[in-house]
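Have a look at the model first.

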Amino acid sequence: VSEKLSLLYYSLVFVCRYSLKPNDQILAEDKHKALFEEIVKKFKVDYHAGGATQNSIKIAQWMIQEPHNVGTFFGCIGKDKFGEILKQKAKEAHIDAHYYEQDEEPTGTCAACITGTNRSLVANLAAANCYKKDKHLDLEENWKLVEKAKVYYIAGFFLTVSLESILKVAKHAAENNKLFCMNLSAPFICQFFKDNLMQVLPYVDVLFGNEMESAAFAKEQDFDTTDIKEIAKKAQALPKVNKKRQRIVVLTQGKDDTVMAHGDKIDAFPVVKIDPKDIVDTNGAGDAFVGGFLSQLVRDKPLEQCMKAAHYAANVIIQRGGCTFPEKPDFN
């Protein structure tokens, strides 16, 4: 018990020193550079291959099981050890990963500090910030893979990197009546990358977010409400390019009901109950939720089944360290 209390104390001191907030995600600044070294020196650190979008694709593949390589992933890595680890981990997870490899920046890293059931993320984008549309997405062999897909998912984090890449994929999806999905990803995306977000939103068929992100989004959009159901309804009603599909908005609230605006309905879905003592790490829960949802969406399952799979996947992930999972899911 004393060891756990000591660890919690130092975790809280660590969070305060670097001005971190519980259940928040931020981009690393100069003041956070020492954080990555300190966290290794003072804590027992576990390393996991991830990235928000890649986590979701990994979970979707795990939920589907067979066939392999259902999901294709594009991203940017450095020509270094962590880049090689990512490639190997993607292969092990049966993801068809096609990385843009460059040597200007090292492979990106993200520090996740866990305090109790809360997690604070600090992302050093590094190579992830170097993705180039003309050097990767536009290549004929890569664009053919985009054309083969029928569902697209991009985390809001990528709005800070390559808006032109997102818009090219989003426009292709709208023109061909395919599903384009996006995540608000973090409050700072809604606040500081609002213009980029609003250029992409008209193409979004399925929008994901949590309670903090949706609150920030509502404030920036002058929705004049803090009611999450009203936020979902107003977000659903924002302008949309592909009129053949009405937007679906899915907003999670941690242990509270998940809200979904679809058609002319606003529904609330209870999450899978869990004893707080069984929660190991909430890091990756949102990614897992999306992955579970997508695993059913790509197979044209009803939205209720998508939600059930999303809650199941998130429940499994929070009982383990990082975005990891057992060999096979217990879901049907």
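Two residues are in contact when they have heavy atoms within 4.5 Å. Among contacts here between residues at least 6 apart in sequence, 69% join residues at least 24 apart. Keep in mind that this is a predicted model, where local features need pLDDT of at least 70, side-chain atom pairs count only at pLDDT 80 or more, and totals for chains, interfaces and linings use all residues. Residues are numbered from 1 along each chain as its sequence is written, and side-chain values use heavy atoms, with hydrogens and water left out.

Here are some whole-protein values.

| Property | Value |
|---|---|
| Box filled by the C-alpha atoms, along the principal axes | roughly 60 × 45 × 40 Å |
| Accessible surface (Shrake-Rupley method, 1.4 Å probe) | about 16900 Å² |
| Buried share (under 20% relative accessible area, 1.4 Å probe, protein chains only) | 49% of the 332 residues |

What would the radius of gyration be for a compact globule of 332 residues? It would be near 20 Å, and the protein has 19 Å, which agrees. That radius is taken over C-alpha atoms, and the rule is 2.2 Å times the number of residues to the power 0.38.

The protein has 13 helices and 11 strands; these are DSSP runs (H or I, at least four residues, for helices; E, at least two, for strands), numbered from the N terminus.

Now zoom in on helix 10, residues 211-220. N210 caps its N-terminal end, with a side-chain oxygen 3.1 Å from the backbone nitrogen of M212. Within helix 10, E213, S214, A216, F217 and A218 are buried. After helix 10 comes D222, with a positive phi near 55 degrees.

Conventions. Buried < 20%, exposed > 50% of the residue type's maximum accessible area, 1.4 Å probe, protein only. Polar contact = N/O pair within 3.5 Å; in protein donor to acceptor, adjacent residues only side chain to side chain.
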